[in-house]
Amino acid sequence: MALTGLTGSRVRERRLAASISQADLARAVGISASYLNLIEHNRRRISDAVLAKLATVLGVEPAILAEGAAGGAAQDVRAAAVLGGGSTPELDRMDEFLGRFPGWADLVAEQYRRIGHLERMVAALNDRISHDPHLSLALHEVLSAVSSVRSTAAILAETEDIDPDWRARFHGNLHVDSERLAIGAEVLVAYLDGSEQEADTGAAAPQEELEAWLAEHDWHFDALEVGGGGPEAMARGVAGLASAAARVLAQDWLVQAAHDAKALPLAAFEAALAKDPQGGDPLRLAQAFGCDVLTVFRRLAFRKRAKEGLVICDGAGALTVRKPVEGFTLPRHDAACPLWPLYSALSRPSQPVAALVEMPGLTRRHFYVRAHCSVTYPQGFGGPELRTAAMLIAKHSVPKTDEAFVPVGSSCRICARKGCVARREPSIIAQAV
Amino acid sequence: MGQCDGILTAGAEGMIVAEKEGCAMTGRHVLLIEDEPNIAEAIRFILSRDGWQVSTYGGGLAAVAQVQALCPDVLVLDVMLPGQSGHDILAELRAMPDFAHLPVLMLTAKGQGRDREMAMQGGANMFMAKPFSNAEIVAAVRSLGAGTNLKGAV
């Protein structure tokens, strides 16, 4: 398998960096030195168990040994390489590049991300200018008034023998149009002021900005518990977000979290969690507290030091909340994997969906996920149906042989899974390998 | 052109001012379709002083009927009109044998790009972005009028 190709080289590299002899490392992980030598020269596949032991002794994540810098940098460098532009990077030597020049690799990755942000920003600004009806209307107003003023003023200035009645009429027109022009200019200035504020946030999508802020606080605010200061106490933090759109998202998030804290008061919730033999079954908790299942999902994922990840999507499947959990790569911009149980739940409101899923990669990562979809009708019988689905993601040990799991991915673009029936587009990883 | 025989004193928007008898080709009759009354008034003034007979109409909806009724020698057509856009009006006119070759000057407040392209593809003879100068309008209408005469002579 192509991805395994250089695992041995990485083991060797890490071993030499740590100044451990082959014999010592072999002894520490319980294999023979000659076998380790074969591994280091990429001539033997490494079992998950040996890989895990090697990783422990070398003090690195197994995933990093298995896939090189499997994290964001590697993916982004790979994506940058595939885009390529005019150049033809040596894809077959990417691991070497990542390993030998981690700083440069980070720079390439960072620039790739930055270019993506900038492209989105340009597209957004373009959209704004060409499709914004307010801007069109404001410009049309100003241009019309200017046309009239220009034409009328020229007539008054250049027609020496103008009839007094006409002159009075044109003066009147000038007055009206200058008023119109003043209002039009004000509208334009207000508009441009607004877009300037948003322009400096263009570097990050509002949702990413919010997520970065929440991640900084470990997705939890004590102030939102009952008796705390509530969302108002967070006003300063919210104000610190660069874009107006991110501030709106943050405000909504805080209000929701405070509402959840009220529905499931901390002490009672923790007591119930401790008592629950299933370690916090969301359906049973929802029943016990008489609240919506998604409220329990959020409370579980956003409680202090919660390990669970959480994704929430709307009826279109767009992810509105992305709390990550290590190893379960969440798509940044693309649509998520259609095989996520989240989407089974979305199509079957109120029915619980639980599954063991496997993320692709050499080190297979498994997660126990529970998904649920709630339907609301904010405008009653006459209004639209709103669906919200959520999926709690918890790390799970390697499944036993008789345990079934669902093979899933992150997003097609960065998913290496071969022969997937749900694939939307080719993977840049498969191409790169 | 049998229907071009009415005498119009007021249009649907109350903007029709000029009168015209029949469809005699004087070569000096301009119809201005423009919804901004002050712009229309200014253009009417400067074109009148240049010796043109000027009719104005301030709406989009019955614009084609106005052209049919007045048979102008030159049409000055705004793009942004209430009811029906200048592009649609032009397309309708170009589909009529009587007006397939009517010289049309299009005016728009959106100076460049798509509107200009659409106007040219739609068969406008000239295009002018607001804000225009009076001299430009006079020159444009004169040259379009001269083109008509030339065509008529051939």
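Biologist: What ipTM does the predictor give the complex?

Modeller: The model is predicted, and its overall scores come from the predictor. The pTM of the complex is 0.53. The ipTM given for the complex is 0.77.

Biologist: Which pattern does chain B follow along the sequence?

Modeller: The secondary structure of chain B comprises five helices and five strands. Read along the sequence, these elements give β-α-β-α-β-α-β-α-β-α.

Biologist: What is the strand order of the open sheet in chain B, and which strands stand at the edges?

Modeller: The open sheet has five strands with parallel pairing, in the order 2-1-3-4-5. Neighbouring strands are turned by 20° against each other on average, direction ignored. Each edge strand has a single partner strand, so one side of each is left without a neighbour in the sheet; these are strand 2 (53-57) and strand 5 (126-129) of chain B.

Biologist: At about what angle does helix 2 of chain B run to strand 1 of chain B?

Modeller: Helix 1 of chain B lies across strand 1, strand 2 and strand 3 of chain B, and runs at about 170° to strand 2 of chain B. Helix 2 of chain B lies across strand 1, strand 2 and strand 3 of chain B. The angle between helix 2 and strand 1 of chain B is about 170°.

Biologist: Why are the buried residues of helix 3 of chain B on the same side, and which elements are among those that cover them?

Modeller: In helix 3 (residues 86-94) of chain B, the buried residues are B:Gly86, B:Ile89, B:Leu90 and B:Leu93. They lie on the same side of helix 3 of chain B because they cover an arc of only 100° around the axis. What covers them includes three elements of chain B: helix 2 (63-70), strand 3 (74-78) and strand 4 (104-108).

Biologist: Which element of chain B gives the largest share of the side that touches chain A?

Modeller: In the model, 15 residues of chain B are in contact with 15 residues of chain A. The side of chain B that touches chain A divides into nine nonpolar, three polar and three charged residues. Its largest share, seven residues, comes from helix 1 (residues 37-49) of chain B.

Biologist: What percentage of the residues of chain A count as buried?

Modeller: Chain A has 18 helices and six strands. Among its contacts with a separation of 6 or more, 63% join residues 24 or more positions apart. In chain B, buried residues make up 45% of the 154 residues. Of the 433 residues of chain A, the buried share is 33%.

Terms used
Residues numbered from 1 in each chain as written. Chains lettered and ligands numbered in written order. Predicted model: local features only at pLDDT ≥ 70, side-chain atom pairs only at ≥ 80, totals over all residues. Buried ≥ 20, exposed ≤ 12 C-beta atoms within 10 Å, placed from the backbone. Helix = DSSP H or I, 4+ residues; strand = E, 2+ residues; numbered from the N terminus. Arc of directions from axis to C-beta. Contact = placed C-beta atoms within 7 Å. Nonpolar A, V, L, I, M, F, W, Y, C, P; charged D, E, K, R; others polar. Pairing = 2+ DSSP bridges. Axes fitted to C-alpha atoms, helices over the stretch in contact; angles between N-to-C directions.
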